[in-house]
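Please look at the model below before reading on.

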Amino acid sequence: MSGHGNNRGQDTTIKKRGEKHYVMLYTRYERFWHWSQALLIFTLFFTGFGLHGTHDLIDFRTAVEIHTYAAIALIVLWIFTTFWNFTTGQWRQYLFKEGVLKVIRFYAYGILVGEPHPYRKGLQRKQNALQSLAYMGFMIFIGPALWASGIVYLFYDLWSSYSWSGNGLTVIAFLHTAAAFLMGIFVIIHIYMTTTGKTPTHYIKTMISGYDSIELTKAEVAYIEETHAVSMKD
Amino acid sequence: MGIRPDQCRLCVSVITVITDMKMLKQLTLVSKASVGACLWALILITTPAVEASDTAPSGTEPVDNNMNFRIVTDSKPSIRDDGESTADHSKFEILMGPFESGPEVTRACISCHTEAGRHFMQSIHWTWEYDHPETEQKLGKKTLINTFCTNAKGNEGMCAQCHAGYGWKDETFDFTNQDNIDCLVCHDRTGAYYKTPNSLGNKACSVMFEGKQPIPWSKVAQSVGKPGRENCGACHFYGGGGDGVKHGDLDSSLKRPSHDLDVHMDAEGLNFACTTCHVTRQHLWAGSRYNVMAHDTEGVGLPGERRDVATCESCHSNAPHSYNELLGSKLNGHVDRIACQTCHIPTIARGGVATKTEWDWRTAGKTRNGEGFKEKHYTQGNGEHRATYKSIKGSFKYGENLVPHYDWFDGQMIYTTIESQFDPANGPVEINGFQGSHNDGKSRIWPFKRMLTVQPYDKGNNTLVYMHLWGDDDDAYWGNYDFGRAIKVGMAKNDIPYSGEFDFVETYSFWPITHMVAPKENAMDCADCHSRKGRLNQLEGFYMPGRDSFHWLDILGYIALGGALLGVLLHGLLRKLFSNKIQQKDAS
Ligand code: HEM
């Protein structure tokens, strides 16, 4: 699965790749997916902890209704996105990359003293090593923990007649709540990280417009000019 | 930030709290508050408490010694429209009379309805006995002790005015004589029929017979029909010694209820008679309180099939809400654990008639000028004043719009009978305790009216007692106000061993609630139960979303969320600080 050259070695010697160009990094679907997912997760977090009794800003009944519809929407979105990830090959973005420690060191120290980011975004390298790891964790752990426990929770009525259903509900609610806390932590850190770009809103703007200015090799520029496979603004 | 001290304290104590639940709760609050300091403000839950009592100012009134407990001002019958009968009883010669007494009318009835007497004699309305098939207890009004006037046994002269028979005043009553059946109490449709005690009581009670119009026997006999609500209500609305006293969901307001009070009996709407649900077969009625069908898993049958139960499900099915909506599906999912009544009867005693909630026999027996008296210091919704003290009974408390008591119930009531021994130190004795739990697979959460009484018991034997209350002799409590004698005689009369010493014990009785079904828009809301301070707060042992949380998980979770927020805030702050420094350096 590995062996994709451009995933390797970038961190040790930062190759001068070429000129910066303003290219479409996040396609329309990707942005749609990202923002609708964000909205749904906010909604689920808010309604979930509302019905959990953490806050009183929404009544139980409305919270359950919105939570249920939002959960169904999120699951549908994830199914589509999984499909999209595999058909477009974008799933490779999430594979493990070397240099995680470097990135961690950067955020813990380098960023404060003005060091450059140890990772260069590339056309096919949208995420740094830490990001990939975090998103992978999100996709194989927090996400599934939530949807799996959530679906079982949602369909409580299908298994409520079993003698273990009482304990079962406790376990499921526990897992779901625990995963929801993890999701909350993920979201807080994730949002904070978006402010660490050139300007605090740079990454957010990128995720809205889809365009970012990245270094392209000559070959990449030639490929784009020839095929128009990626939209480039300059 | 204000968050650090909280957090430090928390971190240090987290290890010690795992075992201390009380502390856990406090910690949950503290840690939540610390997150709130960063992100959101916590608003405390404020559930409005249900106000029930409304007490008239006490003052001096003329001594009121009327002991009548069924004052029916509206004596007109309710409308029961079953269409025209195939028989017009006013055309039957045998019913022309003249009649001198009830049994004479009964003889006339039975001459045509040849099997009715035999059928009726099997009914609990006649036998006042019930042999419980599962607990094997011998139940029924004939022997049981309740938490109101305590025992009908020995006081039949008074209490059996709610027996569907004529003349039961003592052991000599003939339960095999069909002439003794009172057909009219159930079948009179004029409203002119009434019953009085079967024997004279003391002077104090003689008013019960005064001022009554004689019963127009022939007219009543010619106007018989299927029972209206007031026929059943003549006894069942007045259980416990007065309007609404006993049940809380049965009182005279159900004679002509509004839609808001009861959707089924709504006089201008569905106008159900009692027997619409309490279906009848050969004078046996569905819907036993001694052996409750607390969970009907069969639901509706084909037309004409299901005529054996009085459950909600027998008409509304086991999935009464619409599966086309999320809410409906969710509610249908509740049917296995929550009785329909729990949500659909949000409060009881809603019709302007109060129900008794507490009764203290200890204060009974006070006199003024040598006479018993009443104090009416409670004014109920319909404006009537209710007795808060009666010399013959003690002091009472009332409630209206009462939130019921909720518990798991599998339909089995376990009675404390005259034979049961209890330990008075163990708190209130449950006169009719019940079975049920969240994990027995058959119980559901039911609403109950719970009554708290302080009543006499045998201090030596730790049993309840029979009191001799009614009679025109010197031993009757309702006359001499002497507990010692009334108990001694009451016990001796029924051959029950008595230690000779009595005291008072607290008792609870429970009345499953099933009437006064509110319109669906007034049914309970999810959050009435699914909240930290909801109605089902006292039920333990199972997880309920919105009510429960996982103490230490929540603490850890809130700390982690707070920590993450704090972390990124600190990181941001540092970035800002350093970038200022770098800029300064660059500038200099
Ligand atoms: C992805 C699919 C999800 C499904 C199918 C789902 C489903 C559910 C269900 C059925 C409940 C119980 C509601 C009830 O009582 O009827 C619930 C509760 C809850 N959900 Fe979700 N949910 C999902 C995602 C999320 C997410 C993303 C979050 C937060 C970020 C979240 C947070 C919560 C919380 C905190 C509770 C309260 C748990 C409790 O108090 O028992 N859920 N969810």
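Donors are N, O and S atoms within 2.8 Å of the metal (3.2 Å for Na, K and Ca); water is not among the atoms, so sites may look incomplete. The iron atom of the ligand has the protein donors A:His67 (NE2) and A:His176 (NE2), lying 2.0 Å from it. The two histidines link distant parts of the chain: A:His67 sits in helix α2 of chain A and A:His176 in helix α6 of chain A, 109 residues apart. Helices (H or I, at least four residues) and strands (E, at least two) are DSSP runs, numbered from the N terminus.

What makes the arrangement around the iron atom octahedral? The six donor atoms subtend angles of 85 to 179 degrees, and therefore the arrangement is octahedral. Six donors count as octahedral if opposite donors are over 155 degrees apart and all others between 65 and 115. A:His67 and A:His176 are both buried. Buried means under 20% relative accessible area, exposed over 50%, partly exposed in between (1.4 Å probe, protein chains only).

## Basis of the values

This is a predicted model: local features need pLDDT of at least 70, side-chain atom pairs count only at pLDDT 80 or more, and totals for chains, interfaces and linings use all residues. Side-chain values use heavy atoms, without hydrogens and water; residues are numbered from 1 along each chain as its sequence is written, and chains are lettered from A and ligands numbered from 1 in the order in which they are written.

## Ligand shell

There are 25 residues around the ligand. A:His52, A:His67, A:Tyr153, A:His176 and B:Tyr543 come nearest. A residue is near a molecule if one of its heavy atoms lies within 4 Å of it. The site is shared between chains, because residues from chains A and B surround the ligand. By class, the shell has 18 nonpolar, six polar and one charged residues. Here Ala, Val, Leu, Ile, Met, Phe, Trp, Tyr, Cys and Pro count as nonpolar, Asp, Glu, Lys and Arg as charged, and the others, Gly among them, as polar.

An N or O atom in the side chain of A:His67 is 2.7 Å from a nitrogen atom of the ligand. For A:His176, a polar side-chain atom lies 2.7 Å from a ligand nitrogen. A polar side-chain atom of A:Tyr153 lies 2.7 Å from an oxygen atom of the ligand. The elements that give two or more residues to the shell are α1 (28-52), α2 (60-88), α4 (129-154) and α6 (165-193) of chain A. A polar contact is a pair of N or O atoms within 3.5 Å; within protein, one must be able to donate a hydrogen and the other to accept it, and residues adjacent in sequence count only if both atoms are side-chain atoms.

## Chain A overall

Chain A has eight helices and two strands. Along the sequence they follow the pattern β-α-α-α-α-α-α-α-β-α. The C-alpha trace spans about 65 × 40 × 35 Å along its principal axes. Of the 234 residues of chain A, 46% count as buried.

## Cysteines

How many disulfides are there over all chains? The count is zero. A disulfide is a pair of cysteine sulfur atoms within 2.5 Å. The sulfur of B:Cys112 is 8.8 Å from the closest cysteine sulfur, in B:Cys109, too far for a bond. For B:Cys315, the closest cysteine sulfur is in B:Cys277, 6.2 Å away, again too far for a bond. B:Cys112 is exposed, at 53% relative accessible area. B:Cys315 is exposed too, at 63%.

## Loops of chain B

A cis peptide bond joins B:Gly97 and B:Pro98, with omega about 0 degrees. B:Pro98 is in the loop between α2 (21-38) and α3 (102-112) of chain B. B:Thr150 is not a glycine, but its phi is positive, near 65 degrees. B:Thr150 is in the loop between β2 (138-139) and α6 of chain B, and counts as buried at 3% relative accessibility. B:Ala349 also has a positive phi, near 55 degrees. Its loop runs between α13 (340-344) and β5 (355-360) of chain B. B:Ala349 is buried, with a relative accessible area of 1%.

B:Asn180 lies in the loop between α6 (156-159) and α7 (184-187) of chain B. B:Asn180 counts as buried, at 13% relative accessibility. A polar atom of its side chain is 3.1 Å from the backbone oxygen of B:Asp174.

How values were computed
Tetrahedral: all angles 85-135°; square planar, octahedral: opposite > 155°, others 65-115°.
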